[in-house]
Amino acid sequence: MLHKTLNKNFMKQSIKKITLTVLLFLSANVYASSLYDDSVERGINETCSSYLNQIEQSHNLNGLVITFAHPENPALLPSLHLSSQTYNNGSSTFSATLTPDDEYCYISTVLVTSVNDQTCNEIAQLKLEVAPELQVSMYAEGNFTVITPKDNNYQIILTTQGEAGCTMTETRMMWPGR
């Protein structure tokens with residue numbers, strides 16, 4: 001009986017080690033490439049990959065990257081692309097969904113940034129100093145701040161995190177060429 005229990009524990013530990021090793025190997029490969037490189041390797045629509053490359057460069061994305069694409073028709077069906085990185089005062093996660101339509105590509109993006117050493121009020125103030133035309137609305141006793149440009153091409157939601165932290169969620173939807 002003791003032998004069977006030891007054998008089961010050994011098997012469970014072996015499976016955990018193998019799984020961890022495989023995940024580390026895969027994450028090392030994922031970390032080494034860019035969202036654009038992943039999209040090209042996966043066979044994502046060329047126009048969508050081109051837009052993803054531009055977005056990746058404009059946001060200066062680097063870190064862990066993951067791409068989800070249809071295994072049989074990646075050039076014809078939507079794909080999901082994620083990039084996550086850390087900073088000395090927080091972290092960010094970027095997500096883009098690319099939807100091909102012949103020579104066009106529709107894009108939705110979400111960028112979530114968590115900052116540990118700035119309040120949402122401070123961040124909102126900084127954004128207004130750069131672009132005073134932004135519209136700012138506060139909800140739930142200032143726990144949520146919504147920042148929107150006049151053309152409504154994106155929206156930022158600031159969510160209070162304790163006394164000195166803030167989470168910024170920026171969302172966009174783009175229809176290039178249409």
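How many disulfides does the structure hold? The structure holds two disulfides, a disulfide being a pair of cysteine sulfur atoms within 2.5 Å. In general terms, a disulfide is a covalent bond between the sulfur atoms of two cysteines. The model is predicted, so that local features need pLDDT of at least 70 and side-chain atom pairs count only at pLDDT 80 or more, while totals for chains, interfaces and linings use all residues. Residues are numbered from 1 along each chain as its sequence is written, and side-chain values use heavy atoms, with hydrogens and water left out.

The angle about its S-S bond is 110°, and the link of Cys48 and Cys105 is right-handed. This pair links distant parts of the chain, 57 residues apart: Cys48 is in helix H3 (residues 46–58) and Cys105 is in strand E4 (residues 104–115). Helices (H or I, at least four residues) and strands (E, at least two) are DSSP runs, numbered from the N terminus. Cys48 and Cys105 are both buried; buried means under 20% relative accessible area, exposed over 50%, and partly exposed in between (1.4 Å probe, protein chains only).

Cys120 and Cys166 also form a disulfide, and their sulfur atoms lie 2.1 Å apart. The link of Cys120 and Cys166 is right-handed, with 105° about the S-S bond. Cys120 belongs to helix H4 (residues 120–130) and Cys166 to strand E8 (residues 165–174), so the pair ties together parts that are 46 residues apart in sequence. Both Cys120 and Cys166 are buried. With bonded cysteines counted along the chain, the disulfides follow the pattern 1-2, 3-4.

Eight strands form an open sheet with antiparallel pairing, in the order E1-E2-E3-E4-E8-E7-E6-E5. Two strands pair if DSSP finds at least two bridges between them. Strand E1 (64–68) and strand E5 (135–139) stand at the edges with a single partner strand each, so one side of each is left without a neighbour in the sheet. Strands E2 and E3 pair in the antiparallel sense over nine bridges, and Thr86 stands opposite Ser91 in E3. Helix H2 (residues 35–42) packs on the sheet and touches E1, E2 and E3; the direction of H2 makes about 30° with that of E1. Helix H3 lies across E2, E3, E4 and E8 and runs at about 30° to E4. Axes are lines fitted to C-alpha atoms, for helices over the stretch in contact, and angles run from 0 to 180 degrees between N-to-C directions.

Ser83 has its place in strand E2 (residues 79–87). Ser83 counts as buried because its relative accessibility is 2%. Contact means heavy atoms within 4.5 Å. Not counting residues up to four places away in sequence, Ser83 touches Leu35, Leu61, Asn62, Leu64, Val65, Ser92, Thr93 and Phe94. The C-alpha atoms of Ser83 and Val65 are separated by 4.4 Å, although these residues are 18 residues apart along the chain.

The largest nonpolar core has 13 residues, and those with the most contacts inside it are Leu35, Cys48, Leu52, Phe94, Leu98, Cys105 and Ile107. The elements H3, strand E3 (90–101) and E4 give two or more residues each to this core. A nonpolar core is a set of buried Ala, Val, Leu, Ile, Met, Phe, Trp, Tyr and Cys residues joined through side-chain atoms within 4.5 Å.
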